[in-house]
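Hi there,

Here is the structure I promised to pass on to you. Have a look at it first, and then read my notes below.

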Amino acid sequence: MSLSKWVRRIGKPVIFAACLVPVSLIVADIFQGRLGANPIEEITHRTGDWTLIFLLVTLGVSPLRRLTGWGVVVQFRRMLGLFAFSYGLVHFSIYVVFDHFFDLAAILEDIVKRPYVTVGFTSLMLLVPLAITSTKGWVKRLGGRRWNRLHQLVYVSAAGGVLHYLWLVKADTRRPIVFGLVLVALLATRLWRPGKRGRRAEAVVRDAKASLG
Ligand code: HEM
């Protein structure tokens, strides 16, 4: 089987199913009453966690490719990013429906007055243009450079997600700090550019791969 067929027939469906595991566990726990005394709060927390985890995993794709030379991982990036956005939408919907019962005025007031909500909302809104322009058609329409520049907003969104988390925890800041450190590490890999020798080594690997077809 060719690599592209393998990606389409096996790789993508497996990753897709794996991405549905967190939401399936939440649904299973709802039906089995395993969400504790405050199920809404528990769902908000879990979906918030997964939004951030998916954002960081999406940001990890390019460093993983650079580190291992596995070009194929890039083919899963769009799906992972769209899952980050989807978990974010579920997280936000729980807040709109169960925390505020669709009270638009109260939601707007919350967004304006509570800094952690302001930052969370901004982070989610930043993902909207990225989700819309994630198709091949939009890459062509915008051109690679402009598309790349636009999609750098994902860093701002992830940083906002970490700040949102840091701001909302009352005492134990360990988890948001761990998320923050992972984000900083992922950003640091972007700043690192191989020197002349590294670039030459990368070119050799690229040429070797090209000659293997
Ligand atoms: C990219 C967007 C977002 C990310 C990455 C994110 C992430 C998170 C995380 C990690 C948590 C804490 C989970 C835990 O305690 O284990 C959380 C909680 C929460 N988020 Fe978000 N969030 C986002 C957007 C939003 C939006 C748009 C809203 C509402 C306007 C929102 C409202 C909340 C609320 C109400 C909580 C629970 C606060 C508490 O119980 O004290 N989030 N979010």
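Phe102 sits in the loop that runs between helix 3 and helix 4. Please keep in mind as you read that this is a predicted model. Is Phe102 buried or exposed? Phe102 counts as exposed, because there are 8 C-beta neighbours inside 10 Å, and a residue with 12 or fewer is called exposed. The backbone is worth a look here too: phi of Phe102 is near 65 degrees, a positive value in a residue other than glycine.

Phe101 belongs to the loop between helix 3 and helix 4 (104-113) as well. Its phi is also positive, near 45 degrees, and Phe101 is not a glycine either. Phe101 is exposed, with 9 other C-beta atoms within 10 Å.

**The whole chain**

Now zoom out. Of the 213 residues in the protein chain, 17% are buried.

**Helix 1**

How far apart should the ends of helix 1 be? Helix 1 covers residues 3-31, which makes 29 residues, and at 1.5 Å a residue they should span 42 Å. The end C-alpha atoms are 40 Å apart, which agrees. Even so, helix 1 has a kink of about 35 degrees at Val21, shortly before the proline Pro22. The number of buried residues among the 29 is 1, so helix 1 lies largely in the open. After helix 1 comes Gly33, with a positive phi near 60 degrees.

**The nonpolar core**

The largest nonpolar core holds 20 residues, and Phe54, Leu55, Phe83, Ala84 and Tyr87 touch the most other members. Helix 2, helix 3, helix 5, helix 8 and helix 9 (174-191) each supply at least two residues of this core.

Beyond its neighbours within four places in sequence, Leu55 is in contact with Ala84, Val154, Ser157, Ala158 and Gly161.

**Leu124 in helix 5**

Leu124 is part of helix 5 (residues 115-132). With 20 other C-beta atoms within 10 Å, Leu124 is buried, because 20 or more is what that word requires. Leaving aside neighbours within four places in sequence, its contacts are Gly88 and Phe92. Leu124 and Leu89 are 35 residues apart in sequence, yet their C-alpha atoms are 7.7 Å apart in space.

**Around the ligand**

Finally, please look at the ligand. It is surrounded by 21 residues, and the closest are His45, Gly48, Gly120, Ser123 and Gly161. Which helix gives the largest share of this shell? The largest share is 7 residues, and they come from helix 2. Helix 2 (39-68), helix 3 (77-99), helix 5 and helix 8 (153-168) each supply at least two residues of the shell. Sorted by type, the shell has 8 nonpolar, 11 polar and 2 charged residues.

Happy exploring, and write back with any questions!

Best wishes

Conventions: Residues are numbered from 1 along each chain as its sequence is written. This is a predicted model: local features need pLDDT of at least 70, side-chain atom pairs count only at pLDDT 80 or more; totals for chains, interfaces and linings use all residues. Helices (H or I, at least four residues) and strands (E, at least two) are DSSP runs, numbered from the N terminus. Two residues are in contact if their C-beta atoms, placed from the backbone, lie within 7 Å. A residue is near a molecule or strand if its C-beta atom, placed from the backbone, lies within 6 Å of it. Ala, Val, Leu, Ile, Met, Phe, Trp, Tyr, Cys and Pro count as nonpolar, Asp, Glu, Lys and Arg as charged, and the others, Gly among them, as polar. The expected span of a helix is 1.5 Å times one less than its number of residues. The bend at a residue is the angle between axes fitted to the seven residues ending there and the seven starting there. A nonpolar core is a set of buried Ala, Val, Leu, Ile, Met, Phe, Trp, Tyr and Cys residues joined through C-beta atoms within 7 Å.
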